[in-house]
Amino acid sequence: MKRRSFIEIVSASGGVAIIGSPLIINAEQTKTREKKFSKPKELSADVIIAGGSLGGCAAAIAACRNGLNVIITEETDWIGGQVSQQGVPPDEHRWIETHGAPASYRDFRNRIRNFYKRNYPLTEEAKNREFLNPGDGSVSRLCHEPRVAVAVLNEMLASYMSSGKLKILTDYKIKTANVYRDKVRAVEALNLKNGNSLVLSAPYFIDATECGDLLPLTGAEYITGTEAKSETAELHAPEKVNPENNQAFTMCFAMDYQPGANNVIDRPADYNFWKNYVPQMNPPWAGKLLELNYSNPRTLEPKNLGFHPEGKPTGDLLNLWNYRRIINKNNFLPGTYDGDTTIVNWPQNDYFPGNIIDVSDEEFKKHIEASKQLSLSLFYWLQTEAPRPDDGLGWPGLRLRGDLMGTQDGLAKYPYIRESRRIKAVFTVLEEHVGAENRKLVAGEEAGKNAADFYDSVGIGYYHIDLHPSSAGDNYIDFASLPFQIPLGALLPERMNNLLPANKNIGTTHITNGCYRLHPVEWSIGEAVGSLIAFSEKKKVPPRVVREKTELLKEFQQWIRKQGLETHWPKSV
């Protein structure tokens with residue numbers, strides 16, 4: 001592909017277009033940049049995956065396993081998305097050790113355990129524990145360090161990189177796309193460190209970015225924010241549509257505790273603002289954000305929380321220290337650690353005041369910087385003003401562990417994103433398909449005990465519908481769901497033929513995204529999409545035809561089940 005054809009706005013045929021923001025070049029850099037951008041290097045593959053998220057990695061594994069060549073671009077220097085660069089240990093369901101996710105996802109989890117068993121001085125008891133949980137955090141059966149996830153994912157992808165089937169381009173962000181009618185021809189990726197660009201072309205493209213970045217760049221139809229109840233008939237949907245009303249995001253961080261030490265950081269610039277900040281919510285928030293309380297997600301009544309960085313009981317209150325603890329020193333030989341290490345992804349550092357989905361780069365950066373100030377302010381408050389059981393204030397021995405997050409500022413490399421742009425899909429998953437209460441209303445008492453049975457299921461998952469407070473002031477929306485399936489129709493854009501989603505950007509609503517956004521579901525989506533492309537190539541048909549032709553769909557479902565994907569829940573669940 002020639003450079004001229006790539007940057008062309010509209011060709012003589014009227015179909016080729018570039019959709020996206022132009023590259024802005026600093027005047028001082030123009031002379032050198034002109035040389036770099038005049039003839040960008042071009043790479044091609046069978047599949048281009050934008051985003052090294054969990055979904056992106058799973059898609060790459062499936063595609064490479066089935067003989068395709070893949071290029072992944074990732075805008076940070078860590079692959080893994082929410083489990084690594086965002087610092088969030090897996091949020092999973094209670095059956096995860098045996099079923100309810102692809103075999104490859106359970107392999108990923110087991111490799112994490114084995115990584116600790118091979119490389120860390122565990123106690124004999126911990127080393128022999130089948131279901132080792134390094135941090136024993138209460139949120140997950142597997143709480144671990146983010147960088148261990150990076151190591152394990154690289155290990156799982158190593159043979160494909162060695163054979164040349166896979167290239168991973170870190171610190172690259174897709175900036176523009178070349179589109180002809182319903183197909184993406186190529187994308188231009190900018191190196192965020194040196195300003196160089198690459199042109200990447202392929203028969204297929206996967207959007208595995210955290211915010212659904214390829215959708216606007218390619219002109220794909222998509223939705224953001226909340227749908228109106230009149231549109232979806234969902235029990236918990238609002239009356240009015242609001243495309244800017246997205247769930248809060250969080251800038252997570254890791255910390256440990258050194259008793260007797262003084263690790264107090266400089267007072268954050270915006271500390272006074274955040275110390276006195278009261279979220280404007282409907283129904284109202286419990287009080288100030290930087291307090292040991294929050295709104296109970298189910299009842300929305302104020303709920304008190306506890307905090308003790310030595311993991312000690314805090315009465316009947318949840319000790320936040322233990323919630324996402326990633327290192328429990330008692331699992332390791334004496335002297336290995338001075339104390340435990342925990343991840344802070346709490347209500348107190350959820351960022352409510354602004355939306356970052358479908359906004360300008362400037363607006364995005366503004367809110368990211370503000371969220372960093374919130375997290376640093378929370379950390380400073382914990383060091384200096386948080387109430388102690390002995391009636392004192394603050395824990396100065398708390399220490400930011402940026403080394404565990406791969407950063408200098410101590411915070412995660414990327415914000416924890418809960419909600420993305422979502423494709424307008426061939427089929428959209430509604431609350432009536434997966435919500436426990438809504439399901440009974442439409443299916444009846446008996447049939448409503450199970451989620452909708454999708455004839456085109458390509459995966460399964462489970463999590464309660466968990467919507468954090470939103471940028472437009474909605475408080476928690478949190479209620480029961482049912483073990484569900486992932487319909488192939490939700491992975492197919494209504495028009496685009498070679499662009500597929502592999503993250504939180506599938507055909508869900510604002511409501512149902514609340515149970516499809518978690519780690520094992522994202523992995524399932526990615527693996528299904530990577531498999532779909534490989535199968536489509538094998539059969540020489542577009543991906544949507546696989547769903548449209550009954551016998552082809554049945555063959556595809558049987559094919560992916562043989563490769564470890566689960567399409568139906570056991571009757572015992």
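Please keep in mind throughout that the model is predicted.

I shall begin with the sheet. It is open and consists of five strands, in the order β5-β4-β3-β9-β24, with parallel pairing. At the edges are β5, residues 166-170, and β24, residues 499-501, each of which pairs on one side only. From one strand to the next, the twist averages 20 degrees. The pairing of β24 with β9, residues 204-207, is parallel and extends over three bridges. There, Asp207 stands opposite Pro501 of β24.

Helix α3, which covers residues 54-65, lies across β3, β4, β5 and β9. Relative to β4, residues 70-74, helix α3 runs at about 170 degrees.

I turn now to two helices that pack together. Two packed helices are described by the angle between their axes and the distance between the axes. For α4, residues 103-119, and α6, residues 146-163, the angle is about 120 degrees and the axes are 10 Å apart. The crossing of α4 and α6 is right-handed. On the α4 side, the residues in contact include Phe108, Ile112, Phe115 and Tyr116; on the α6 side, they include Val148, Val152, Leu153 and Met156. Sorted by class, this contact comprises 10 nonpolar, one polar and four charged residues.

Next, the cavities. How many cavities of 30 Å³ or more are there? The count comes to three. The volume of the largest cavity is about 160 Å³. Its lining has 17 residues, and those nearest the centre are Gly51, Glu74, Glu75, Thr209 and Asp213. Which strand gives the most to this lining? That strand is β6, with three residues. By class, the lining of the largest cavity has six nonpolar, six polar and five charged residues.

The second largest cavity has a volume of about 70 Å³. It is lined by 13 residues, and Asn246, Gln247, Phe249, Ile356 and Ile357 are the closest to its centre. Here the classes are six nonpolar, five polar and two charged residues.

Definitions and conventions: Residues are numbered from 1 along each chain as its sequence is written. This is a predicted model: local features need pLDDT of at least 70, side-chain atom pairs count only at pLDDT 80 or more; totals for chains, interfaces and linings use all residues. Side-chain values use heavy atoms; hydrogens and water are left out. Axes are lines fitted to C-alpha atoms, for helices over the stretch in contact, and angles run from 0 to 180 degrees between N-to-C directions. Helices (H or I, at least four residues) and strands (E, at least two) are DSSP runs, numbered from the N terminus. A crossing is left-handed if the near helix is turned anticlockwise from the far one by less than a right angle, and right-handed if clockwise. Contact means heavy atoms within 4.5 Å. Ala, Val, Leu, Ile, Met, Phe, Trp, Tyr, Cys and Pro count as nonpolar, Asp, Glu, Lys and Arg as charged, and the others, Gly among them, as polar. Two strands pair if DSSP finds at least two bridges between them. On a 1 Å grid over the protein atoms alone, a cavity is a set of points where a 1.4 Å probe fits but cannot get out, and a pocket is an open set with protein on both sides within 12 Å along at least five of seven lines; lining residues have an atom within 4 Å of a point. Grid points are joined across faces, edges and corners, and a volume is the space filled by probe spheres set on the points.
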